[in-house]
2 protein chains.
Amino acid sequence: MRMRKLPWAEEYIRQADIVIKEQSKYKGTWKQKLSCTKLHVEIGCGKGDYLLRMSEKDTESGWIGIEKDTNVMAIAARKYDRQPQPSQNIAFLLGDAQALQEWFEVGEIDVLHLNFSDPWPKKRAHKKRLSHASFIAMYRQVLSENGEIQMKTDNSSLFEFSLLQFQEGGWYLHDISVDYRRISHDEDAVTEYEQRFMDLQQPIYRAVWKKFPYINTDKKKR
Amino acid sequence: MRMRKLPWAEEYIRQADIVIKEQSKYKGTWKQKLSCTKLHVEIGCGKGDYLLRMSEKDTESGWIGIEKDTNVMAIAARKYDRQPQPSQNIAFLLGDAQALQEWFEVGEIDVLHLNFSDPWPKKRAHKKRLSHASFIAMYRQVLSENGEIQMKTDNSSLFEFSLLQFQEGGWYLHDISVDYRRISHDEDAVTEYEQRFMDLQQPIYRAVWKKFPYINTDKKKR
């Protein structure tokens, strides 16, 4: 999502405590900082809608949003600040996901979220996709052994690409839906952005990958 | 697809040469019988539309359709007989796919097609799905080393199930589309049945699995 430069954005981020300036300082101690045992990280959190809602829904977990666009990050931070009762289990990091390994210790993250990432439709830009092999290799490092990656998108081409890339990387497809919202998933916040596609009757695609095919006790219950 | 009993069906099949009565007789020699080097088999060929069109489009290959419903098979055979110039590279087998290994030699089939198979929506009937683990294990036996399984369906639940089942079985997802007909694929016949979903703007899901991740020279060209 590209947008017009906001004159107040940089200054806003400078003074906003919720935007962590020294990302590497907390490497290995994010769970202490956010007082949680389970750490969720959203890469490309945009204006922060998903993160803010989820941090309220699931207060036991810690929620970190990464965004590289200064303007968008400023809007997310302001949204956070304007909440009547801001959650304490949340943090924003301004910067490129390329730095993931500088900010997070090996195995520190439990769930990585890729929500409606930029589809980079042109073939030559596919390497910029957040599900490109080079990113996937990084995710493996910072994810815990039983950790998982949850992806949602409205873009069929990005989704298909991602399924093949994760397979190439040796990941295990733990769950998949080619029409995720045909069933209600109350535990998983619907953002306004996502709602727009649902209103247009367009399917939401979702996949969950794990490093290994752990035996999942949920399966027995189904 | 269940249908009313057709009084002429059994007798029609008895006299129709295109419906092979002694399926096991040709085990290991289907390619000779159909004068081809590449053998395609469609499991659950229904009224035969896909098979008849493909056998005309790709006359170099042999095309075998398996169907267990006598009435539906009779309609397919009659369609074949009524063609002005019936293809010689085609055969129909009446019976249950469970018998696949009695009819085909190990590695004899090059491409297996599962088109719009019965979705068996109820959980307890999932074992009847043609992409259930028990069927998949059979397919592995009769498929050639570089062979593949092509699946098309309009049913999201069946598609998701199939992706997970094939993964469990150790198959390699060679290609996937969650909206196959958004791009034209002239090489792959659109049946009337499929066209109905397309007319309703419903997506067609498609996946191709292989036994192993062979290096595909096509990829380099893309």
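1. Buried residues account for 39% of the 222 residues in chain A. Buried here means that 20 or more other C-beta atoms lie within 10 Å of a residue's own; exposed means 12 or fewer, partly exposed is in between, and the C-beta atoms are placed from the backbone. Keep in mind that this is a predicted model, where local features need pLDDT of at least 70 and side-chain atom pairs count only at pLDDT 80 or more, while totals for chains, interfaces and linings use all residues. On labels, residues are numbered from 1 along each chain as its sequence is written, and chains are lettered from A and ligands numbered from 1 in the order in which they are written.

2. Now the overall build. Chain A has nine helices and eight strands; these are DSSP runs numbered from the N terminus, with helices being H or I of at least four residues and strands E of at least two. The radius of gyration of chain A is 17 Å, close to the 17 Å that the globule rule gives for 222 residues, so chain A is as compact as a globular protein of that length. That radius is taken over C-alpha atoms, and the rule is 2.2 Å times the number of residues to the power 0.38. Along its principal axes, the C-alpha trace of chain A spans about 45 × 40 × 35 Å.

3. A word on contacts. Two residues are in contact if their C-beta atoms, placed from the backbone, lie within 7 Å. Among contacts in chain A between residues at least 6 apart in sequence, 79% join residues at least 24 apart.

4. Next, the sheet, seen in chain B. Eight strands form an open sheet with mixed pairing, in the order β1-β4-β3-β2-β5-β6-β8-β7. Its edge strands are β1 (19-20) and β7 of chain B, each pairing on one side only. Two strands pair if DSSP finds at least two bridges between them. Strands β3 (residues 62-67) and β4 (residues 90-94) of chain B run parallel and are joined by five bridges. Glu67(B) has Leu94(B) in β4(B) as its bridge partner.

5. Strand β2 (residues 39-43) of chain A deserves a look. β2(A) pairs with β3 (residues 62-67) of chain A in the parallel sense, over five bridges, and Val41(A) stands opposite Ile64(A) in β3(A).

6. Helix α6 (residues 133-142) of chain A has Phe135(A), Tyr139(A) and Val142(A) buried. Seen down the axis of α6(A), the buried residues fall within an arc of 70 degrees, so they line one face of the helix; the arc is that of the directions from the helix axis to the C-beta atoms. These buried residues pack against α5 (100-103), β5 (109-115) and β6 (143-153) of chain A. The face of α6(A) turned away from its buried side carries the exposed Ser134(A) and Ala137(A).

7. Phe104(B) sits in the loop between α5 (100-103) and β5 (109-115) of chain B, and is buried, with 25 other C-beta atoms within 10 Å. Leaving out residues up to four places away in sequence, Phe104(B) touches Lys27(B), Ile109(B) and Val142(B). Asn155(B) lies in the loop between β6 (143-153) and α7 of chain B, and counts as partly exposed, with 19 C-beta neighbours inside 10 Å.

8. How do the chains meet? In the contact between them, 13 residues of chain B touch 13 residues of chain A. On the chain B side, α7 (156-168) and β7 (172-177) each supply at least two residues, and α7(B) gives the most, with six residues. By class, that side has seven nonpolar, three polar and three charged residues. Nonpolar covers Ala, Val, Leu, Ile, Met, Phe, Trp, Tyr, Cys and Pro, charged covers Asp, Glu, Lys and Arg, and the others, Gly among them, are polar.

9. Last, the symmetry. Chain B can be laid on chain A with an RMSD of 0.0 Å by a turn of 180 degrees and a shift of 0.0 Å along the axis. The two copies are thus related as by a two-fold rotation axis. The superposition is by least squares on the C-alpha atoms of residues with pLDDT of at least 70 in both copies. Val178(B) comes closest to the rotation axis of the residues of chain B, at 3.4 Å (C-alpha). The same surface serves both copies, as 100% of the contact residues of chain B recur in chain A.
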